Amino acid sequence: LAILENDLESAIVQCLSDQNIGTLVYYQNEKNRIEESFDARPITIFEMRNPVFLNTIIAKTFQINYNKALKEKIIELRGKGAKTQIETLRDKWIPKLREKWQRIYDLLTVEEYKESMDKLKTEWMQEDINEYIDALSYGFYDNRDNLVVTHNDIQECNVLSMRENATQLALIDYEYTTLGNREFDLANIFCELGTDNAYPYYPYIAIYPENLLTEDEYHTYSKD
């Protein structure tokens, strides 16, 4: 359901490459890109919970959040009114979900899958969902000058650990990157600690609440 804005994603990756952050881009045009490959693997949520990994992930997240050149590039391409992650959810992802839902549902033959799709419809396709989203984000974006660059998808599948040095990490996949509230990525990381997006069995996501941070840890990371 991702709605890729190829020009923006390409510009973001190029901007980071120019700063020696992330993968090195050798060449790209409107349809293709040649970039450096990492001898690396995605980490697990249990590795992500390790303080050595978690501190590095948060530091790299802040490197993106407060990247002045990256923010200027997004504003250059989308203007000062560039959509935030919440506005993108409301204005693009949910309409796209509604558009695709019935088409996908009609193709399903396994009842368990249909049950999952019914839950998705109940939670994300009700008539007042836009009002609900607006209420959640009320006042967040009154001063758009305070917005930072948000990755919006920092989870274990998008954090690579180098095989030569496991503590050397890289963030990848910037197709959801927007401007947004500075707390969003940090909160997302904390939530993802309890969600295994690489679970190999149906429903292909597993929840591990015991892997979440303690209340004291939340306070420590939020304060720092």
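Guide: A crossing is left-handed if the near helix is turned anticlockwise from the far one by less than a right angle, and right-handed if clockwise. Keep that in mind as we look at this predicted model.

Visitor: Which hand does the crossing of α5 and α6 have?

Guide: The crossing of α5 and α6 is left-handed.

Visitor: How should I describe two packed helices in general?

Guide: Give the angle between their axes and the distance between those axes. Here, helix α5 (residues 85-107) and helix α6 (residues 111-124) have axes that cross at roughly 150° and come within 11 Å. Angles over 145 degrees count as roughly antiparallel, and α5 and α6 are therefore roughly antiparallel to each other.

Visitor: Which residues meet where α5 and α6 touch?

Guide: From α5 come Leu89, Ile94, Leu97, Trp101, Ile104 and Tyr105, and they meet Lys114, Met117, Asp118, Leu120, Lys121 and Trp124 of α6. Sorted by class, this contact has 9 nonpolar and 3 charged residues, with no polar ones.

Visitor: Now the strands. What is their order in the open sheet?

Guide: The order is β3-β5-β6, an open sheet of 3 strands with antiparallel pairing. β3 (40-42) and β6 (169-171) stand at the edges with a single partner strand each, so one side of each has no neighbour in the sheet. From one strand to the next, the twist averages 30°.

Visitor: How many bridges join β5 and β6?

Guide: Strand β5 (residues 159-162) pairs with β6 over 3 bridges, in the antiparallel sense. Ser161, for example, has Leu169 in β6 as its bridge partner.

Visitor: Which helix lies across these two strands, β5 and β6?

Guide: That is helix α3 (residues 51-65), which runs at about 40° to β6.

Note on methods. Residues are numbered from 1 along each chain as its sequence is written. This is a predicted model: local features need pLDDT of at least 70, side-chain atom pairs count only at pLDDT 80 or more; totals for chains, interfaces and linings use all residues. Side-chain values use heavy atoms; hydrogens and water are left out. Axes are lines fitted to C-alpha atoms, for helices over the stretch in contact, and angles run from 0 to 180 degrees between N-to-C directions. Helices (H or I, at least four residues) and strands (E, at least two) are DSSP runs, numbered from the N terminus. Angles under 35 degrees count as roughly parallel, over 145 as roughly antiparallel, 65 to 115 as roughly perpendicular and the rest as oblique. Contact means heavy atoms within 4.5 Å. Ala, Val, Leu, Ile, Met, Phe, Trp, Tyr, Cys and Pro count as nonpolar, Asp, Glu, Lys and Arg as charged, and the others, Gly among them, as polar. Two strands pair if DSSP finds at least two bridges between them.
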